[in-house]
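Morning, everyone. I have one structure to show today, and I'll keep it short. Please have a look at it first.

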Amino acid sequence: MNQLEAREPMLCEYTPKDYFGQVSGVDIFGNDHPLEIDLGCGDGTFLLEMAQHYPERNFLGVERLLGRVKKVCRKAEKLGLTNVKVLRLDSKYVVEWLLSPGCVSKLHLLCPDPWPKDRHHKRRLVQVSFFEALEKVIMPGGEFYFKTDHSEYFEWSQEKAQLFGRFPELEWAEDAFFYPKTDFQVQWEGEGKSIHRMRFQRPV
Ligand SMILES: C[S@@+](CC[C@H](N)C(=O)[O-])C[C@H]1O[C@@H](n2cnc3c(N)ncnc32)[C@H](O)[C@@H]1O
């Protein structure tokens, strides 16, 4: 028996019945409320604040580390949140293969690993192929939010967005709407680093 089979999933943990099928918000939450995805949700600070602020929306955190998944689930269950689930899986796989076409209203990629070494750039999540996958899973009029402290990764991502070319960029003024800081953003700002952000929309 492997580790996945041996472990009893927590209540807020989402485990697909079939990892080779496709899932929508209805499959995950049992209702058709708007679905938001937080890729690499870490300790869940952003995810849980959003879920508390917007009870009429559903939030799926994607995180590869089991310890973090458990931590977020414990907090969500303590808060009694029914609109949060966490999926322990690779973000790229989720976007490219698992999510049904057009099922996502907003997708957040906040402070992802920047993979700064040249030879590791291919591991970066933001690539032209990533935008192509987003174009399939984000519904028309839906949005993609991206933040990083890493200037070079930010420029890289802008370049990939331009090469892809089919998502217009939207303005994103600080405090324009409720958008809590993530755990990493708080840490980095505490170290005096500035955060870059971009927001795109899939055309209607
Ligand atoms: C730098 S942390 C940022 C966490 C959170 N978004 C924040 O801003 O506080 C990156 C997170 O993404 C997770 N992660 C990295 N690569 C991943 C992948 N391919 N699939 C899922 N999670 C991933 C890491 O385990 C980590 O929790």
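I'll start with the ligand site and then turn to one methionine.

Keep in mind that this is a predicted model.

Who is around it? The ligand is surrounded by 15 residues. The closest are Glu-63, Arg-68, Asp-90, Leu-110 and Thr-182. Sort the shell by class, and you get six charged, five nonpolar and four polar residues.

Take Arg-68: one of its polar side-chain atoms is 2.5 Å from a ligand oxygen atom. Glu-63 also uses its side chain, with a polar atom 2.6 Å from an oxygen atom of the ligand. Leu-110 contributes through its backbone: an N or O atom there lies 2.8 Å from a nitrogen atom of the ligand. As for cover, the ligand on its own has 590 Å² of accessible area, and the protein covers 90% of that.

Next, Met-139. Which strand holds it? Met-139 belongs to strand E5, which runs over residues 138-148.

Why do we call Met-139 partly exposed? Because its relative accessible area is 28%, and partly exposed means between the 20% limit for buried and the 50% limit for exposed.

One pair to finish on. Met-139 and Gln-201 are separated by 62 residues in sequence. In space, their C-alpha atoms are 9.5 Å apart.

Definitions and conventions:
Residues numbered from 1 in each chain as written. Predicted model: local features only at pLDDT ≥ 70, side-chain atom pairs only at ≥ 80, totals over all residues. Heavy atoms only, no water. Near = heavy atom within 4 Å. Polar contact = N/O pair within 3.5 Å; in protein donor to acceptor, adjacent residues only side chain to side chain. Areas by Shrake-Rupley, 256 points an atom, 1.4 Å probe, with all protein chains shown as cover. Nonpolar A, V, L, I, M, F, W, Y, C, P; charged D, E, K, R; others polar. Helix = DSSP H or I, 4+ residues; strand = E, 2+ residues; numbered from the N terminus. Buried < 20%, exposed > 50% of the residue type's maximum accessible area, 1.4 Å probe, protein only.
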